[in-house]
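My points follow, in numbered form.

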Amino acid sequence: MSIPTTGPAELRFTDGETLADLATYVRRATRLDADGAIRLQAVGAVLAAWVCVLPGSGLMRSGLTLGLRTMRLVEGHSPVDATVALAALGDRFARRAATGDATAQLPVPPQEVTAPWAGFTAPRGEWEPAGTVLVTDLVQAARAGIEEVAVGAPEGSGSAAVGALRSRVWGRTVGQSQVPAAAGLAVHTLGFAGPDRPGGAEGAVATVHRSGPWLRVSTAAGHVLVRP
């Protein structure tokens, strides 16, 4: 169900390159879920853009996996907190490309959508260091998991069986770490391994932090938050 916003909002970026970065992020998230949503939170001069990689299950959304990119906005930016359809934001970018719009402003789609995952907000502070994990290990776990799910859940498989398989595959830990493979899926599909190499630069590591039930895996390109 769509919910009208209280008024038009606009994101004002520091430059066109940052806006193009958001467009790439939206395109990657749409490949994961064409009917998905993105939560846009502008606080001060920073935009936090949240997307759902895995929705989790149960009342506490066990296995919920979120991707987060932060981007710079102009100083004195008005607060924004809107959850909108990825497709609607994609339409905005398509329109910009068609008209040759080179500005660094982006109107937020006027219709908000309901996304159950958006109500599970990870804490902003009190994160404790919990080690590191190789980016290449995360990407390898993602590729292996994608193949396993594709082979183990062919067309016609029941939803319960598919759900159980995905939970098992993405709940496994990566290497010797305590990081679930779900984080690798997010790093791989959202481009968090780095722009230069799809598998991440050799030797690159992602930092791991914990806060309550949440686990955060961070690379130079973005963050993944998992609720095991």
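1. The lining of the largest cavity is made up of six nonpolar residues, one polar residue and one charged residue. These values come from a predicted model. The residues concerned are R39, W50, L66, W117, A118, F120, T121 and A122. R39 is the charged member, since Arg counts as charged, and T121 is the polar one, because Thr falls among the residues that count as polar.

2. The largest cavity holds about 60 Å³ of space. How many cavities of 30 Å³ or more are there? The count comes to one.

3. The second largest pocket contains about 350 Å³ of space. Its lining has 15 residues, and those nearest the centre are A48, W50, L68, T70 and R124.

4. Which elements supply at least two residues each to the lining of the second largest pocket? They are strand 3 (37-43), strand 4, strand 5 (64-72) and strand 12 (223-227). Strand 4 contributes the most, with three residues. By class, this lining has nine nonpolar, four polar and two charged residues.

5. The largest pocket has about 800 Å³ of space. It is lined by 34 residues, with V53, L54, P55, G56 and W170 lying nearest its centre. The lining divides into 22 nonpolar, nine polar and three charged residues.

6. Several elements take part in the lining of the largest pocket: helix 1 (16-32), strand 4 (46-54), helix 3, helix 4 and helix 5 (181-189) each give at least two residues. Which of them gives the largest share? Helix 4 does, with five residues. Strand 4 is on this list and is also on the list for the second largest pocket.

7. Turning to helix packing, the axes of helix 3 (residues 135-152) and helix 4 (residues 159-171) come within 10 Å and cross at roughly 165°. Helix 3 is therefore roughly antiparallel to helix 4, as angles over 145 degrees count as roughly antiparallel. The crossing of the two helices is right-handed.

8. On the helix 3 side, the contact is made by A141, A142, G145, I146, E148, V149 and G152, and on the helix 4 side by L165, R166, V169 and W170. Seven of the residues in this contact are nonpolar, two are polar and two are charged. W170 belongs to this contact and is also one of the residues nearest the centre of the largest pocket.

9. The axes of helix 1 and helix 2 (residues 86-99) also come within 10 Å, and they cross at roughly 135°.

10. The contact of helix 1 with helix 2 comprises eight nonpolar residues, two polar and one charged. Helix 1 also supplies at least two residues of the lining of the largest pocket.

Notes:
Residues numbered from 1 in each chain as written. Predicted model: local features only at pLDDT ≥ 70, side-chain atom pairs only at ≥ 80, totals over all residues. Heavy atoms only, no water. Axes fitted to C-alpha atoms, helices over the stretch in contact; angles between N-to-C directions. Helix = DSSP H or I, 4+ residues; strand = E, 2+ residues; numbered from the N terminus. Parallel < 35°, antiparallel > 145°, perpendicular 65-115°, else oblique. Left-handed = near helix turned anticlockwise from the far one by under 90°. Contact = heavy atoms within 4.5 Å. 1 Å grid on protein atoms, 1.4 Å probe; cavity = no way out; pocket = protein on both sides within 12 Å on 5 of 7 lines; lining within 4 Å. Points joined across faces, edges and corners; volume = space filled by probe spheres on them.
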